[in-house]
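I set down what I looked up, in the order in which I looked.

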Amino acid sequence: VLAEKRSLGSRDGPPHLVVVVLLHGRAAARDCLRLLQGQDSALVRADEGGAGGFALLCPRLKQRWRFVPTHAGDLHAVLDLAKVADSLLFVLDPVDGWDSAGEYCLSCLFAQGLPSYALAVPGGADLPPKKRIDARKRLSKSIEKRFPEAKLFPLNTEQECSLLLRHLSSQKQRHLAFRDRRAHLLVRAAQFVPSQDSHLVGTLKVSGFVRGQTLNVNSLVHIVGHGDFQLSQVDAPPDPLSLNPRVVKGQKRSQDMEVQDDSGNGADEMEEDVKVLMKADPSKQESLQSEVVPDPMEGEQTWPTEEELQEAEDSLKAERRVVKVPKGTSKYQAAWIVDDGEEGSEKDDDDDEDDDMDDDLMEEAVSQEGESSEEEAGEEESETMTVSECLRDEQYDEKMEEDEQMLERYKQERMDEMFPDEVDTPRDVPARVRFQKYRGLKSFRTSPWDPKENLPRDYARIFQFQDFSRTRKNLFRQIEKEETEGALVGWYVTLHVCDVPVSVMESFKEGKPLVLFSLLPHEQKMSVLNFLVRRHPGNSEPVRAKEELIFHCGFRRFRASPLFSQHTSADKHKLERFLRPDAALVVTVYAPITFPPASVLLFKQRSNGMHDLIATGSLLSVDPDRIVIKRLVLSGHPFKIFTKMAVVRYMFFNREDVMWFKPVELRTKWGRRGHIKEPLGTHGHMKCHFDGQLKSQDTVLLNLYKRVFPKWTYDPHVPEPVPWVRSESVLPEQEEEME
């Protein structure tokens, strides 16, 4: 612990990376940064790019820092920088603390994982002494909910700034598990070299300090927000932030503080005195292959060999049976005669893969009625509508369609809460055809279900471990005990990243942070990931399964359409149609393999481009064999009730459906169990036997089950969110008043 603490920010370790986060629109950011740059006997060197960061070198204290400013409204920049930051410096307003954008930013940071932090309060010197003390007491009390036992550091003088720097360098470092086992760096300088074939793709040379673990040139790297790439070589340029820089003849050095701008000569810095540390070995280099290419002919039948023909003849001889047939019947005709015991054979399921046919019929009827009513309303309005000349009214009416869709979702969520999984039996399609993919189970908990049965075609594209837990344990043990060849922690290196699009360099020039993580083995391959999440209390809009959501999982960002299921210890897990606010659910998607622990944040994109945080949690497992079961409940009503017998109607509407579902067990909402005895008539009435007498207000239910799989909608490119609109400060006391 002491060695780690002493190496951070020292000559041998990487500079102490401090991300300055402005939590209020009125926070005095410039004054704060000016005070940090105004330390005695300190050298200040500006970063390359448009982010406005700078490095602070203190040879007297033998410490070096790197400060990167950002504001709470830029969500992706804050989350990306927090992934690699050693410390976060939250800048508060002396009166209000943080505003709504700051509150939203803190929620995301706490869910992702918060490194070491400090709270700075610049300004407030113009207030009278009494009001200044009252404001400080009120601010200290209001931040206790978010930061218990946190100390506020005023930032108005150089002495207070020195105290803050001393606190940052001496406080205990908080570890984030997903970054401690992977090498990572924040890019300080970058250069793009286009390839010979195209100017849109080329080699990106990025320079920065290695953090976390030793960086191997043969491993893959992930540029956050841009994808996975290979390295060609690693160089060792001179350290631009050295505490003991080389003395160059003819160059005068000032004894006082000097400010040097390195943004103009970043490319020259890479060129001079560059030593090649290592080059990639094609035989040892990790592949970028993320999916298995399925062979469509793999399941085709080939011409049988002589041994297989002989085995078939032997099996036919063993399976011959004696059947009573009429006189004159040939062998071919006799083979088609079925015994009495084979009459109840099951019908083969249809191979249709369209999951949209499995949606709730009741909800479909509601949505169709809503659509038809909207169309009728639109026709009526088109005849009598008057055009408004006010542009503001037209813009306001544009949002009415979104309100109608949201109202429809609220209705569906409410119906699912009142009547979970219940559907209406269709009248135009036989139930045995409509529900042919479903089956009945004696017990949802104990009945067997083969995890390899009827897998979708997408399962041929993914990877699966024989034992994921053992692989993860062996991999982490190897990281801890074995020494890896490569660039050590604290080295300033230049990475040659191959086949990078030019858009990565353009985003760096715009001032957006560029963060790289090295991937562990297999982390570029696709599989089925399961996340355990809980609904965020700040969002109450209904979220339906298979809606597109934005995932922030560890160091990755991607879009996908997940499934929701219950979190239980059984081998089968029931599908949930909506993200429940009162329980933890498991979210299942196709995504690249990530070894836990890793935090996950779920966002939903609005129509205006803003991202709403809807759920937070962690990575549970990487397991394609986790069985998610969709349940349908058909309901009927008792028509005539006897002691233990009852006539039930409205569950089916023809005699053949009653016979088809006769083996499935029945239950009632009041706890009775029974089975179908025989059909009555031709309109779906059936005689049922139960373990007790029914009540007249009871409802008879029949459960059907089917395994469901997520949709392959993985997209690694996530659009930048619209900056959060700031409003006045929202402190905990004001939140309670608003509620």
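The entries below go from the whole chain to single residues.

**Basis.** I worked from a predicted model, in which local features need pLDDT of at least 70, side-chain atom pairs count only at pLDDT 80 or more, and totals for chains, interfaces and linings use all residues. Residues are numbered from 1 along each chain as its sequence is written, and side-chain values use heavy atoms, with hydrogens and water left out.

**Whole chain.** I found 18 helices and 32 strands in the chain; helices (H or I, at least four residues) and strands (E, at least two) are DSSP runs, numbered from the N terminus. Of the 739 residues, 46% are buried. I took buried as under 20% relative accessible area, exposed as over 50% and partly exposed as in between, with a 1.4 Å probe and protein chains only. I then looked up contacts, meaning heavy atoms within 4.5 Å. Among those between residues at least 6 apart in sequence, 79% join residues at least 24 apart. The chain exposes about 40,200 Å², and carbon and sulfur atoms supply 49% of that area. Areas come from the Shrake-Rupley method with a 1.4 Å probe; for residues, only the protein chains shown count as cover.

**Helix α4.** I next examined α4, which covers residues 100-112 and has 13 residues. From first C-alpha to last it reaches 19 Å, close to the 18 Å expected at 1.5 Å a residue; the expected span is 1.5 Å times one less than the number of residues. Eleven of the 13 residues are buried, so α4 is largely enclosed by the rest of the structure. Among the buried residues are Glu 103, Tyr 104, Cys 105, Cys 108 and Gln 112. Gly 113 follows the helix and has a positive phi, near 125 degrees.

**Cysteines.** I searched the whole structure for disulfides (cysteine sulfur atoms within 2.5 Å) and found zero. For Cys 105, the nearest cysteine sulfur is that of Cys 108, 6.8 Å away. Cys 105 counts as buried at 1% relative accessibility. Cys 553 is also buried, with a relative accessible area of 1%.

**Aromatic pairs.** I used the rule that rings of Phe, Tyr and Trp (its six-membered ring) pair if their centres lie within 6.5 Å; planes under 30 degrees apart are stacked, over 60 edge-to-face and the rest tilted. The whole structure gave 22 such pairs. Tyr 459 and Tyr 590 form an edge-to-face pair, 6.3 Å centre to centre with 80 degrees between the planes. This pair links distant parts of the chain, 131 residues apart: Tyr 459 is in the loop between α14 and α15, and Tyr 590 is in strand β24. Both tyrosines are buried. Phe 531 is in strand β19 and Phe 551 in strand β20, 20 residues apart. Both are buried. I also noted a cluster of Phe 90, Trp 98, Phe 110, Tyr 117 and Phe 147, linked by ring pairs.

Is Lys 604 buried or exposed? Lys 604, in strand β25, is buried at a relative accessible area of 12%. Its side chain makes a polar contact of 3.0 Å with the side chain of Glu 547. A polar contact is a pair of N or O atoms within 3.5 Å; within protein, one must be able to donate a hydrogen and the other to accept it, and residues adjacent in sequence count only if both atoms are side-chain atoms. Asp 80, in helix α3, is buried at 5%. Beyond its neighbours within four places in sequence, Asp 80 is in contact with Val 224, Val 515 and Arg 557. Arg 30, in helix α2, is exposed at 71%.

**Backbone.** Most residues other than glycine have a negative phi, and most peptide bonds are trans. I recorded a cis peptide bond from Pro 596 to Pro 597, with omega near 10 degrees; Pro 597 lies in the loop between β24 and β25. Glu 149 has a positive phi, near 60 degrees, and is exposed at 85%. Tyr 650 has a positive phi of about 70 degrees and is partly exposed at 42%.
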